[in-house]
Amino acid sequence: MSLVFPNEMAANSTNTALARGAYWFGLVFLAATFVSIALIADARSAPGVAALLAPLALIAAAGTVAVTPLATRTVVIVAVALLTLAGNTLYTGILLPRLDGAAPSDMVLLTLPKIAIVMTGVVIGRFRSGVASIVVAYVIAEAPVVVFYLVRADAPSLGVALTAFTAVLLLVRVMLIVTRKRSRASQPAMSRAGEAERAATLSLRRERDCSARVQDAVLDELAAVGASTPGLLGAPARERILSSLQLATVPAAGAPALDFDGGLQVAELRGDVAAALTGARELGLAVSVNGDVGPLELLDADVSRALGLAVAHCLGNVHRHSGTRDVEVSVLTTESEVCVMVIDSGVGFTESKIGADHGGGLRTAVRAPLDAVGGRVQV
Amino acid sequence: MSARLGSHTAQQLDPLGGITARYFAIGAAVCAIAFSIGMSVSTFDQVDSPALEIVALLLMVGAGAHYVRATSPFRAPFRRVDHVLVYTFGVGAVVLSAAAQWGSNLVVRDDWAPIALAILTFTLGSWRPGWEILLCAGIASLLVAAIAISQAGTFSADVPYPVFGIITAAPLLASAAAASAFSNSLVRTLLSWRTVATAEATMVVAGPPAPLPGDHPQPRHLDYLDAQVVPFLTGLSLQEALSDVEVDQARRFADELQRLIAEDSAQSWLSQLEPTAYDPLKLAGLMDADERGFVSALVDHLRTGTAYSREGLTVTLDMGERWPSCVVVVPCLPGAKARVQLAPYIAVARTVFQAVDWQMVGGQLEICLTFDVFRQPKN
């Protein structure tokens with residue numbers, strides 16, 4: 001997963017979110033207007049409330065169409081604009097003669113729908129030029145009022161609240177483009193670093209697997225050849241060399257299911273730990289298994305692989321260094337942990353006292369893989 | 001609303017988007033405070049208690065100041081308690097400004113406190129979940145409406161009392177609806193992106209091995225294995241005799257391979273990133289891919305950024321009291337805007353690491369990134 005949200009998606013997602021927010025803002029204002037008008041008309045016994053419902057509903061419907069994916073089409077945008085203009089003209093024409101011009105409070109009932117109309121411009125702006133859409137919406141909101149006053153030969157005046165609100169929206173629109181560019185300048189570098197690290201993690205995992213197999217297979221083989229007497233190299237020895245080469249160079253596949261006889265093993269053991277036990281038996285070790293081995297099958301692939309590598313290396317060390325053939329593998333499980341113990345009665349060692357060259361196996365094949373999957377190792 | 005949607009915020013999912021949004025939080029705070037002071041001065045003739053009015057203004061200033069402070073990327077994330085504090089101050093301003101004009105308030109539409117709170121609410125969408133914004137604003141709106149209705153006897157407009165409540169509460173409700181819709185839309189988009197990105201990353205892990213990145217060198221022991229050991233053992237597997245030269249060669253290959261394995265295991269990802277890095281406990285291996293990717297991006301930024309001196313850069317991994325931490329120290333160039341350039345990285349770091357602390361002392365920047373080896377869910 002990338003560290004940060006890509007820049008190329010940020011603009012679109014923000015615009016969509018802004019459009020949805022603007023739609024609900026306008027809808028609440030339209031609802032507030034309608035309820036207020038209904039209450040006033042009821043109190044003043046003024047007829048014609050129903051006449052105001054229709055234009056308000058028309059403005060709300062136009063806004064609803066604007067927020068849907070239909071509004072990507074120019075013909076739909078034009079239809080929305082015309083519907084909104086028609087609704088606003090109707091609303092203004094019905095309401096203005098009924099308002100008391102001396103009571104500025106009444107003009108609130110005009111301002112709220114006009115703000116809702118400008119918000120429809122913000123909604124449309126996510127598909128078209130945001131600035132132009134807001135300006136056109138402002139004109140649609142104010143034009144009917146201005147025309148009404150001109151027809152009455154009164155001096156028209158633009159709504160201060162609406163004009164200020166629209167100016168702020170335009171400023172927000174412009175600021176969004178400028179600030180987003182500045183704030184997100186570091187995103188490409190962070191994303192590249194995250195992707196490079198994920199690729200490196202995959203490579204590291206493969207390298208660890210390979211290193212562990214090198215430890216167990218190839219070093220064993222080189223040691224065997226180095227300890228041999230010069231002379232004939234029999235077929236079994238050559239097959240063993242080939243088998244070690246295959247282990248070291250081919251990615252580990254899932255191990256086959258195996259049956260174990262003897263000991264307290266009652267379940268069929270599968271997977272990476274089973275493969276390690278099989279390998280140990282082929283080396284000539286007498287492996288007895290006890291405990292609750294069932295949960296070993298429930299481990300996820302990474303943990304199972306790391307555990308298998310670690311057990312294989314521990315059994316290899318028993319074979320190489322302990323001086324004994326008998327080894328016990330005990331599995332203990334709790335609700336949250338699986339513990340695998342490799343126990344032998346050989347010569348023993350102290351990890352801190354072995355040199356770096358000889359302790360590399362414990363680091364690379366036991367501690368490192370288990371650390372990587374959140375495990376712990378105790379020697 | 002789904003539980004997943006209800007617990008996430010846009011800032012947490014897209015920290016760089018939070019930096020963009022902060023410009024608008026600052027703008028909203030400035031507008032709210034300027035509007036409050038301007039309207040308070042212009043309607044001072046309606047104020048009976050100047051002391052209460054001044055305290056109300058101070059509370060609104062406090063709301064704006066805390067809002068700006070809490071949205072800083074250096075203090076991310078904006079928490080619920082910060083949201084509640086902003087609203088507590090804002091509602092306090094509403095109550096006290098109403099009390100300051102009790103009995104002498106003639107016009108409801110020039111009451112500044114509810115509109116100032118609405119201005120702040122409008123920009124909350126990036127910081128808190130949608131349901132929380134609606135809940136806080138819904139409770140505040142009821143209070144605002146109740147205060148307006150209870151003052152209705154003094155208003156000059158002749159409309160039913162509930163209309164005053166609706167007109168006063170509408171801006172706050174509309175802003176909350178807008179911010180909530182914005183938050184839900186953005187969080188939904190970000191969660192979808194994360195789901196897709198995570199699925200793609202999982203497919204990469206499960207699929208065939210990805211090609212190694214160009215700048216990721218293979219460990220030297222694997223190169224030695226491929227170049228020397230595998231050809232040697234392959235040759236042996238085809239022979240029927242073993243010479244004393246080959247026996248000797250096998251011993252030398254084993255010694256050299258063990259030496260290279262030990263050296264490669266001592267190399268950590270961190271020492272490759274920054275040769276002077278100090279990681280005595282090999283803690284770099286406990287970091288996950290996102291944490292390593294971030295440290296890579298941060299070190300690269302500090303090396304190439306215009307505000308920092310590359311020569312003094314140090315990276316240290318060590319155990320803290322409870323958790324391991326990565327401490328990056330770099331000298332800052334005098335007069336350079338180190339804090340501004342650092343902001344996006346601190347914002348992202350807070351979503352990647354368990355804890356992030358930073359300080360600038362004596363011209364030196366120190367960043368402490370604490371990582372959680374047990375992978376607890378991040379804030």
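A salt bridge, for this tour, is a side-chain nitrogen of Lys or Arg within 4 Å of a carboxyl oxygen of Asp or Glu. Between chain A and chain B the count is one salt bridge. Select B:Asp14 and A:Arg184 to see that salt bridge, with the closest N and O atoms 2.9 Å apart.

Before going on, some housekeeping: this is a predicted model, where local features need pLDDT of at least 70 and side-chain atom pairs count only at pLDDT 80 or more, while totals for chains, interfaces and linings use all residues. Residues are numbered from 1 along each chain as its sequence is written, chains are lettered from A and ligands numbered from 1 in the order in which they are written, and side-chain values use heavy atoms, with hydrogens and water left out.

Now widen the selection to the whole interface. Contact (heavy atoms within 4.5 Å) links 81 residues of chain A with 88 residues of chain B. The buried area, meaning the accessible area (1.4 Å probe) that two parts lose on being put together, summed over both, is about 7,300 Å² here, and carbon and sulfur atoms give 73% of that.

Which elements of chain A each supply at least two residues of the side that touches chain B? Among them are α1 (7-43), α6 (160-183), α7 (187-226) and β1 (231-232). The largest share, 24 residues, comes from α7(A).

Stay at β1(A). Strands pair if DSSP finds at least two bridges between them, and two bridges join β1(A) to β1 (residues 241-242) of chain B, running antiparallel. Pick A:Leu232 and you'll find B:Ala241 opposite.

Last stop: the open sheet of three strands in chain A, in the order β2-β3-β4, with mixed pairing. β2 (286-291) and β4 (338-344) of chain A are at the edges with a single partner strand each, so one side of each has no neighbour in the sheet. Finally, show α10 (residues 301-322) of chain A, which lies across β3 and β4 of chain A and runs at about 10 degrees to β4(A). That angle runs from 0 to 180 degrees between N-to-C directions, with axes as lines fitted to C-alpha atoms, for helices over the stretch in contact.

Terms used:
Helix = DSSP H or I, 4+ residues; strand = E, 2+ residues; numbered from the N terminus.
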